[in-house]
Amino acid sequence: MRLSGESCYFAAAEDASFFVVCGKVKLSGKWTETDRPLKSRKAPKEQQPIIAGISQANKRRQRLCFANFLLLGVVVFCLFTRSVMPTEGGVALNIVIITNNPLVKSKLEGEFDIEFLEITYDKLFEKVRDYVHKGHKLLTHPLSGSIKPKETPYKSVMISKKTGKMDNESLAIIENCIEVARKFPIIRSSLPQSIKEDFQLVDCTLIESAIPSATAF
Amino acid sequence: MKLEMGYINIQDIKFASKSEIKNGVLYVDTAAVKALVLEDENIKSVELDIAKPGESVRITPVKDVIEPRVKIEGRGGIFPGIIAKVDTVGEGKTYALKGMAVITAGKIVGFQEGIIDMTGVGADYTPFSKLNNLVMVCEPIADLKQHEYEKAVRIAGFKVATYIGELARTLTPDSTKVFETYDLKTGIAKFPELPRVVYVQMLQSQGLLHDTYVYGVDAKRTLSTLINPTEIMDGAIVSGNCVSACDKNTTYHHLNNPVVEDMFEQHGKTLNFVGVIITNENVYLADKMRSSDWTAKLCRMLGVDGAIVSQEGFGNPDTDLIMNCKKIEAEGVKTVIITDEYAGQDGKSQSLADADVAADAVVTGGNANQFIILPKLDKVIGTLNFVDVIAGGHDGSLRPDGTIEAEIQVLTGATNELGFNKLSAR
């Protein structure tokens, strides 16, 4: 049986002989209206055994209830896993955000694993490279979009929490970013608080824009 | 799709008690425009001003520049999905007011908005110094978040541009031009000998304050897709981008995309302009992979011979640019990229943050790090408070004598990556 859309969430119920859900399901290659019970595919009607004391209608109703219950359980489980999994205590398990941005720390801590470091832009890139050497993968591009390195003091980079063999692509990207950052001088000795906050906000929105993709599966 | 553009030349803008266009002069009823802007509760006040070419005027911090247009015939209206209802645009007849623009200004993020000088050396670097500009300086209500402020100013600009565009509805254009593309089958039959070329337009889509909208949809939530070039002329793509004045595409740039216009110019002569692929520039690496894969796949499905790819912004979008170039070339499609450079003030550093041997045909919009001294001008529309912190400026950019030393990154449109400027290299 193949279901369209989020079919994977229903895979556990594939052995059930029929489904009843709101809307439509695709059953054995055909779209079927689901506001009526679907016939069993296991055997033709005339071959089904007659069980004493239970009419065919009652039997169908029992199956219907069981399937509904099973399906409801699967849907609830899947919605739960989709919204918060993989997590531990509400924290996404697969992602670590390396940041020197206090706004990212205050806004996303608790939801994501945050490593907050009070270090410079350059040092943060080097820290990320250390993690890549240890087998973490880069998940976001370390350079900002349309903001020069070191023009902003703040930087957040998302890496995988899981380690594996060192990812050469991640290493090439972070090495290149370190090179790019080196060529830009620090152009301001200090910034007004309001501008610091603007830089923090923009860095935070950059990393937040990656979250829907990073947590989609 | 066939779109007839009617051009109405505006030679001057004046404030008056009634909004109208007469003999090439735009008269603006300030009370009516202010009332329109103040419909949004997030805008506390708005000041209107006029800046004309050659005047000793500096406009800063500039957010967006918009050319007023009005849909005369055909489906939909200008800025579909935002001002007009969602409907496919790009066919029929549209009028554009040439020689003028609506400019929105306001401190949204202190370090990112740009400068437009109407005279002096700075005026040479920004195309908007040649226009009669109606400038709106919008102040937000207290404690409004930056992204809400950005949205309010963005929408206000579109509303005012649409209001002014409507004034041209009953006028007769000074000149007209027809833009027409064909479906794949007709195009191949009509121009069998010509190379089939697609334009790949990359859209800034990095998050709040860095966004571009297509029919009202945030581009970062889209897959690479096809759009007809005439749809862009009707405002299907608009800017919500507040980052890096010199190489962000304002809405004016989108409406007057020179790559689109130049390709139309050659359409049927030296090439067959197949259409436009729009693709985003996201932060997440897997998104970059997916979008560039999709772009290359569309090129293959269209069976094109050549592609022109334009970038928006710099930094991590350099990686999107190179991914697009590499993958499209790998499909056997000759690819040219348009970008700008951050090669240091001496121009000796590597220009892009990424590179590949496949990027062997590059057009540059100039070096954004190029150093410039802007003269003191008599009048400022907006405020100079942010000149020291604006992107391209530095500590002490605003000098005691009122001159400004900075990189040309501070000037709106100076190194535009659609080629809407005069800088390049050979």
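**View 1. Phe128(B), Tyr252(B) and Phe420(B) are linked into a cluster by ring pairs.** Rings of Phe, Tyr and Trp (its six-membered ring) pair if their centres lie within 6.5 Å; planes under 30 degrees apart count as stacked, over 60 as edge-to-face and the rest as tilted. This is a predicted model, where local features need pLDDT of at least 70, side-chain atom pairs count only at pLDDT 80 or more, and totals for chains, interfaces and linings use all residues. Side-chain values use heavy atoms, leaving out hydrogens and water. Over all chains, the count is 8 aromatic pairs. Phe128(B) and Tyr252(B) are edge-to-face, because their ring centres are 5.3 Å apart and their planes stand at 85°. Both residues are buried (under 20% relative accessible area, with exposed over 50% and partly exposed in between; 1.4 Å probe, protein chains only).

**View 2. The charged end of Lys297(B) sits over the ring of Trp294(B).** It is 3.4 Å from the ring centre. The rule asks for NZ of Lys or CZ of Arg within 6 Å of the ring centre and within 35 degrees of the ring normal. In chain A, Lys134(A) lies over the face of Tyr131(A), 5.4 Å from the ring centre.

**View 3. Chain B meets chain A.** In contact (heavy atoms within 4.5 Å) are 47 residues of chain B and 36 residues of chain A. Between the two chains the count is 2 salt bridges (a side-chain nitrogen of Lys or Arg within 4 Å of a carboxyl oxygen of Asp or Glu). Asp198(A) forms a salt bridge with Lys107(B), with the closest N and O atoms 3.2 Å apart.

Note on methods. Residues numbered from 1 in each chain as written. Chains lettered and ligands numbered in written order.
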